[in-house]
Structure formats: C-alpha cells, structure tokens
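Here is a short briefing on one protein chain. Look over the sequence and the model first, then read the points by topic.

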Amino acid sequence: MTEDLARAELDDAERSEGLVSKGLAAGRIGTFTGAVLGISTVAPGYTLTASIGLIVAAVGLKMPAILIAGFIPMFLTAYAYRELNSRAPDCGASFTWSTKAFGPYVGWMCGWGMVIATIIVLSNLASIGVQYGYQFLGAVTHNQTVAELANYKAVNIISTVALLAIATYISSRGITTSEKVQYVLVGFQMIVLVLFAVVAIVKAPGAAGHLDFDLDWFNP
C-alpha cells in the first residue's frame with residue numbers, strides 16, 4: 001500500500017511538472033536508507049583524509065570556522081535539492097532541472113559537467129582508497145613491502161581501475177544492492193571515525209604540543 005501511494009504521488013508530481021516517467025521505483029528508499037546513501041555521498045572518511053591536512057596547513061587553528069563556513073552553502077544546496085525533488089522528482093536531477101529552467105544548452109553543460117566531475121572525483125576516491133588500503137594491509141601483515149605497493153604506478157593504476165570496476169558493477173545491480181553495500185561501508189566508516197575521535201580526545205592531553213580547547217577557533 002505504501003509503495004502504491006508513493007507511486008501515485010510520484011506520478012502526480014511528474015504530471016504537474018510536465019515530466020515523463022522513467023520507470024523509477026517508488027517507495028524503495030526510506031528515510032534511513034536515504035540518510036545512509038547521503039552519508040556515503042559526503043564520504044566523511046575520504047573528505048577528512050584528503051583535505052584536513054591541507055586545511056590545517058592553510059588556516060591552522062581556524063579550521064573549525066572554515067568547516068562551519070563550508071557547511072552553510074552545502075546545507076543550502078541540499079535544501080534546494082530537497083525542494084526540487086519534491087516538486088520535480090527525476091533521476092536526471094540537475095540536468096533535468098537546468099533544462100526546464102534555462103533551456104537545453106545549460107542543461108547539456110550541467111549534465112556533462114556532472115559526468116566529468118564524477119569521473120575525476122571517483123578516480124581520486126579510488127586512488128586514495130588504494131593507497132591507504134595497501135598501507136592498512138601492510139600494517140596488519142607487518143609487511144612494509146605490501147604497504148609500499150601503492151607507490152608503484154602500475155600497481156596503483158591496476159588497483160584503482162579494479163576498484164572502479166567493482167563500484168560500477170555494484171551500481172549496475174540496482175539500488176537494492178547498492179543500499180546493502182553502503183550499509184556495510186558507511187557503518188565501518190563511522191565506527192572508525194568515532195574511534196579515531198575518541199582516541200584523539202583521550203590521548204591528546206598527554207601529547208607533545210597539545211593545545212587546550214579555545215572558542216576563538218570558531219572565530220573567522
């Protein structure tokens with residue numbers, strides 16, 4: 001009954017906005033699943049790994065203020081997506097909305113811009129995953145040779161392509177498979193981040209160069 005109601009609401013929204021149904025499955029993603037997929041899209045583990053060092057090097061103790069400032073436009077973007085999806089649900093997302101609002105040329109640029117950005121981001125994600133993956137395996141096996149495998153270009157490229165191929169296969173299986181995989185990956189990611197934060201807070205007071213918390217860190 002819930003799925004039928006969701007399908008009816010989707011059909012009504014499509015008709016009201018002049019959209020053509022693409023056969024999207026209605027009622028397949030609940031609030032929890034949507035939250036998990038949203039977290040996986042943000043990729044907090046990757047974001048911290050790839051950017052926290054650069055942010056600290058650039059702004060030092062003002063990093064909390066920078067993170068908050070960066071959150072504001074992202075929140076507004078997410079809210080805009082929510083409103084657009086409620087009015088015109090479509091798997092084309094920005095491409096479809098841009099086309100309807102500004103014409104096919106802008107929609108074409110938006111669509112291909114997203115494709116190119118996705119390729120660049122995913123390749124970087126996979127590359128960082130390979131690098132730290134081999135370091136993790138090296139630490140677990142106490143084998144420095146394994147830890148340094150990512151430094152070899154051929155190994156790095158082959159491993160990165162393999163990860164991208166696996167991700168592509170999972171995506172091709174549909175939202176249900178992606179959902180189950182993301183439960184595992186996001187759960188593992190959040191556990192590691194929480195443990196990292198707890199250990200950092202507990203051990204920081206005894207570390208050399210320790211700084212006491214200061215509200216001025218949040219003052220841009």
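The lining of the second largest pocket holds 16 nonpolar residues, three polar and no charged. In this count Ala, Val, Leu, Ile, Met, Phe, Trp, Tyr, Cys and Pro are nonpolar, Asp, Glu, Lys and Arg are charged, and the others, Gly among them, are polar. This is a predicted model: local features need pLDDT of at least 70, side-chain atom pairs count only at pLDDT 80 or more, and totals for chains, interfaces and linings use all residues. Residues are numbered from 1 along each chain as its sequence is written, and side-chain values use heavy atoms, with hydrogens and water left out.

**Second largest pocket**
- The space in this pocket is about 700 Å³.
- It is lined by 19 residues, and I52, M63, A200, A204 and W217 are the closest to its centre.
- Elements giving two or more residues to the lining are α3 (44–59), α4 and α9 (175–203).
- The largest share, four residues, comes from α9.
- A pocket here is an open set of points on a 1 Å grid over the protein atoms alone, where a 1.4 Å probe fits, with protein on both sides within 12 Å along at least five of seven lines; lining residues have an atom within 4 Å of a point.
- Grid points are joined across faces, edges and corners, and the volume is the space filled by probe spheres set on the points.

**Overall fold**
- The chain has nine helices and zero strands.
- From the N terminus on, the order is α-α-α-α-α-α-α-α-α.
- Helices (H or I, at least four residues) and strands (E, at least two) are DSSP runs, numbered from the N terminus.
- Of the 220 residues, 18% count as buried.
- Buried means under 20% relative accessible area, exposed means over 50%, and partly exposed lies in between (1.4 Å probe, protein chains only).

**Nonpolar surface patch**
- I68, F71, I72, F75, L76, Y79, F213, L215 and F218 make a nonpolar surface patch of about 980 Å².
- Patch members have over 30% relative accessible area and no salt bridge; nonpolar side chains (Val, Leu, Ile, Met, Phe, Trp, Tyr) are joined within 5 Å, and like charges within 9 Å.
- Areas come from the Shrake-Rupley method with a 1.4 Å probe, and for residues only the protein chains shown count as cover.
- I68 sits in helix α4 (residues 63–87).
- I68 is partly exposed, because its relative accessibility is 44%.

**Salt bridge**
- The criterion is a side-chain nitrogen of Lys or Arg within 4 Å of a carboxyl oxygen of Asp or Glu.
- Side chains of opposite charge can pair when their charged atoms come close.
- K62 is partly exposed at 26% relative accessible area, and D216 is partly exposed at 38%.

**Backbone at H142**
- H142 is not a glycine, yet has a positive phi of about 55°.
- Most residues other than glycine have a negative phi.
- H142 lies in the loop between α6 (104–141) and α7 (144–147).
- With a relative accessible area of 73%, H142 is exposed.

**C-alpha pairs**
- Y183 is partly exposed at 31% relative accessibility, and M190 is partly exposed at 32%.
- G113 in helix α6 and F95 are 18 residues apart along the chain, with 9.5 Å between their C-alpha atoms.
- G113 is partly exposed, with a relative accessible area of 36%.
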